[in-house]
Amino acid sequence: MIETDKQQELDLRYLRMARIWAENSYCQRRKVGALVVKDKMIISDGYNGTPSGFENICEDEDNTTKPYVLHAEANAITKLARSSNNSDNSTLYVTASPCIECSKLIIQAGIKRVVYAEKYRLEDGVELMKKANIEVIYLNPDEHESL
């Protein structure tokens, strides 16, 4: 029981850090942050935004998200591809529930745990990860006292 309490405390801490990281996003409609953690070390991070070299404007004049905006999870995973780290058996902390496209990347990246803070109306990404035997945990820091 103590080990699970300690793990939940760590999970909440990393989710709060992911929320802070989301503040780097230039997106107006929704800011999402992600951290990849392995052996208690943050090995990658990401937030939603446009690809490198594009203007940092995520929405068009109708306030619709541009189709080429990358999700936080995709940014964190692709950043790993350019580093000497790998995400085998790591945990992804993300402020919002992963979509189906990001869930495919999570599976392929070898991530074994996903902890997210906000539910999304579509659950297909979560269901796909569960089907791939990834441990998926919904944990909202707002519903827990600060640890």
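Q: Is glutamate 73 buried or exposed?
A: Glutamate 73 has a relative accessibility of 4%, to be set against cut-offs of under 20% relative accessible area for buried, over 50% for exposed and partly exposed in between (1.4 Å probe, protein chains only). The model is predicted, so local features need pLDDT of at least 70 and side-chain atom pairs count only at pLDDT 80 or more, while totals for chains, interfaces and linings use all residues. Residues are numbered from 1 along each chain as its sequence is written, and side-chain values use heavy atoms, with hydrogens and water left out. Because 4% falls under the 20% limit, glutamate 73 counts as buried.

Q: In which helix does glutamate 73 lie?
A: Helices (H or I, at least four residues) and strands (E, at least two) are DSSP runs, numbered from the N terminus. An "active site" annotation in the unreviewed UniProt entry covers Glu73; UniProt positions follow the numbering used here, feature names are shortened, and annotations may be inferred rather than shown by experiment. Glutamate 73 lies in helix α2.

Q: What covers the buried residues of α2?
A: Seven of the 10 residues of α2 are buried, so this helix is largely enclosed by the rest of the structure. These buried residues are Ala72, Glu73, Ala74, Asn75, Ala76, Ile77 and Leu80. Taking contact as heavy atoms within 4.5 Å, the elements that cover them include β1, β2 (41-47), β3 and α3.

Q: How are α2 and α3 oriented to each other?
A: The axes of α2 and helix α3 (residues 100-108) come within 9 Å and cross at roughly 25°, where axes are lines fitted to C-alpha atoms, for helices over the stretch in contact, and angles run from 0 to 180 degrees between N-to-C directions. The contact is made by Glu73, Ala74 and Ile77 of α2 with Cys102, Leu105 and Ile106 of α3. Angles under 35 degrees count as roughly parallel, over 145 as roughly antiparallel, 65 to 115 as roughly perpendicular and the rest as oblique. The two helices are therefore roughly parallel.

Q: What is the handedness of the crossing of α3 and α4?
A: The axes of α3 and α4 come within 8 Å and cross at roughly 20°, which makes α3 roughly parallel to α4. A crossing is left-handed if the near helix is turned anticlockwise from the far one by less than a right angle, and right-handed if clockwise. While α2 passes α3 in a left-handed crossing, the crossing of α3 and α4 is right-handed.

Q: Which residues does glycine 125 touch, beyond four places away in sequence?
A: Glycine 125 has its place in helix α4 (residues 124-131), and at 0% relative accessibility this residue counts as buried. Leaving aside residues up to four places away in sequence, glycine 125 touches Pro98, Cys99, Ile100 and Ser103.
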